[in-house]
Amino acid sequence: MELTTVWFILIAVLWIGYFVLEGFDFGVGILFPVLGRDDPDSGETGEIRRRVMLSTVGPVWDGNEVWLLTAGGATFAAFPNWYATLFSGFYLPLLLILVALIMRALAFDYRGKVDDPVWRQRWDWAIFGGSLAPALLWGVAFTNIVRGVPIDAEMEYTGNLFTLLNPAALLGGVTTVALFTAYGAMFLALKTDGAIRDKAREIALRVGLAAAVLAVAWLAVIHATTGSVESWIMAGAGAVLLLGALAMLPSGREGWAFGLAFAAIGMSVGSLFVALFPDVMPSTTDPAFSLTTTNASSTDYTLKIMTWVAVVFTPIVILYQSWSYWTFRKRVSGHHIPTEVALAARPEAGRQPKQPVASSSGRSAGGSPEA
C-alpha cells in the first residue's frame, strides 16, 4: 500500500475519532436550553441541571478536540495542497467554527468564576452557540468536500460562500445538528441519573428518529453522485446501527444505545471518505482539476518520517484518552454538585455578595473532578 493511501486512511480515522467523540459534547451543549431548565417535579433548579450536564463532559471535552487539531496538522503535513485549497476556499466557515470553539472553551472555564446569574446565563448561551455552529458547519463543509466544489487548474477554489450553501450542504448541516443532538442526549442518559436521565432518554428517542430520516436522505444524496459499492454498504450499516441505538432506548439500555450510535456515526463518516477516495477534493469545474492523494501529497521522505512518528505516539494518545474515559465513567446527578453551587442556584442567593465558585468546566480549581 502506498504511503499516500496510508495517510489518507489515517486522516479519515482522525476525523472519525473527532466526530464520534466531539459529537456527543456538541449535543450536550445544544441541549443546554432544553434540559437546563428548572424542574419542579424533581426539585432541581436549572443551574444544578446545567452543572450536572457540564460535569459529564468537563473531564473529556478538551481531549476530544485534540483529534481535530491532529487531523488538521496531519492534513497540512501529508497533503499540503489539500490543506491549502481547503483552508483558503472554506476560510469563512472554518473561521466561524474556530471562533465558536474558542467561545465554547472560554464558557466551560469561566461561567462559574463569578456568582452572578446574568454572568452564567451569557456563558450558557456561548456554550449553546459554540456547540450549534460547529455541528451545523461541519455538515455543510463535509458535504461540499465529498460532492465537489469548483477548483481550477491551479488547485484554487473559484467559488464563494454562497457556492458552499447549496441545498445538499444545508441538508448535511441540519443532519449533523440533529444527529449530534440525539447523540448528546444518549450520552446524558448514560452519564446521569434521576429525572434528567429520563428526560434525556426521551429527547434522544424523539430527535433520533428525525435524525435517522435526515441521515438516510443526506447519505443517499452524497452517495448517489460519488458513492461506490463499499461506501453504500457502510452508509447502510450506519443507518441500521442508528436504528438499533434508538431501539435500545425505551428499555433503558443506554450503554448499548450510546455504543451503537457511536458505531453509526463512525460508519457514516467512514463512508464519506470511502466515497471520496482517491480524490481528496473533487473539482466540479473539470474532473482533471480534482485534488487526489497523488497530486496533493508531500514527498515520500516526509510521509515516511510522519509514519514513524504516528506509529510511536498514536497508541500513547489512545491509551491516555481511554484511561480518562474509564476514570470518569460513573454517573452524575444533582447531589454530586458542591453545596455552595446548589445554594447559589437558589433564587434568594441573588441578594448575597458575589463570591467566586468552582469552575463550571466539570473540574475544581485544583484540576480534580467535581463529580
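**Aromatic rings and a cavity**

User: Which residues do ring pairs link into a cluster?
Analyst: Start with the rule: rings of Phe, Tyr and Trp (its six-membered ring) pair if their centres lie within 6.5 Å; planes under 30 degrees apart count as stacked, over 60 as edge-to-face and the rest as tilted. Ring pairs then link up these residues into a cluster: Phe-8, Trp-15, Tyr-18, Phe-19, Phe-26, Trp-138, Phe-142, Phe-180, Phe-273 and Phe-277.

User: What kind of model is this?
Analyst: Residues are numbered from 1 along each chain as its sequence is written, and side-chain values use heavy atoms, with hydrogens and water left out. Local features need pLDDT of at least 70, side-chain atom pairs count only at pLDDT 80 or more, totals for chains, interfaces and linings use all residues, and the model is predicted.

User: How many helices and strands does the chain have?
Analyst: Helices (H or I, at least four residues) and strands (E, at least two) are DSSP runs, numbered from the N terminus. Going by that, the chain has 14 helices and 2 strands.

User: How many aromatic pairs are there, and is the one between Phe-26 and Phe-180 stacked or tilted?
Analyst: By the ring rule the count comes to 30 aromatic pairs. The rings of Phe-26 and Phe-180 have centres 6.1 Å apart, and because their planes are at 45 degrees, the pair is tilted.

User: Where do Phe-26 and Phe-180 sit, and how many residues apart are they?
Analyst: This pair links distant parts of the chain. Phe-26 is in helix H1 (residues 3-30) and Phe-180 is in helix H9, and they are 154 residues apart.

User: Is Phe-180 buried or exposed?
Analyst: Buried means under 20% relative accessible area, exposed over 50%, partly exposed in between (1.4 Å probe, protein chains only). Phe-26 has 0%, so Phe-26 is buried. Phe-180 has 3% relative accessibility, so Phe-180 counts as buried.

User: What sort of aromatic pair do Phe-142 and Phe-273 form?
Analyst: Phe-142 in helix H7 and Phe-273 in helix H12 are 131 residues apart, so again check the rings. Their centres are 6.0 Å from each other and the angle between the planes is 65 degrees, so the pair is edge-to-face.

User: How much space lies in the largest cavity?
Analyst: On a 1 Å grid over the protein atoms alone, a cavity is a set of points where a 1.4 Å probe fits but cannot get out, and lining residues have an atom within 4 Å of a point. Grid points are joined across faces, edges and corners, and a volume is the space filled by probe spheres set on the points. The structure holds 2 cavities of 30 Å³ or more, and the space in the largest is about 120 Å³.

User: Which element gives the most to the lining of the largest cavity?
Analyst: Helix H7 (117-147), helix H9 (167-191) and H12 each give two or more residues to this lining. Phe-142 and Phe-180 are among the lining residues. With 4 residues, the element giving the most is H12.

User: Which residues does Ser-271 touch, leaving out those up to four places away in sequence?
Analyst: Ser-271 lies in helix H12 (residues 254-276). Its relative accessible area is 0%, so Ser-271 is buried. Contact means heavy atoms within 4.5 Å, and Ser-271 touches Leu-219, His-223, Ser-231, Met-234 and Ala-235.

Methods
On a 1 Å grid over the protein atoms alone, a cavity is a set of points where a 1.4 Å probe fits but cannot get out, and a pocket is an open set with protein on both sides within 12 Å along at least five of seven lines; lining residues have an atom within 4 Å of a point.
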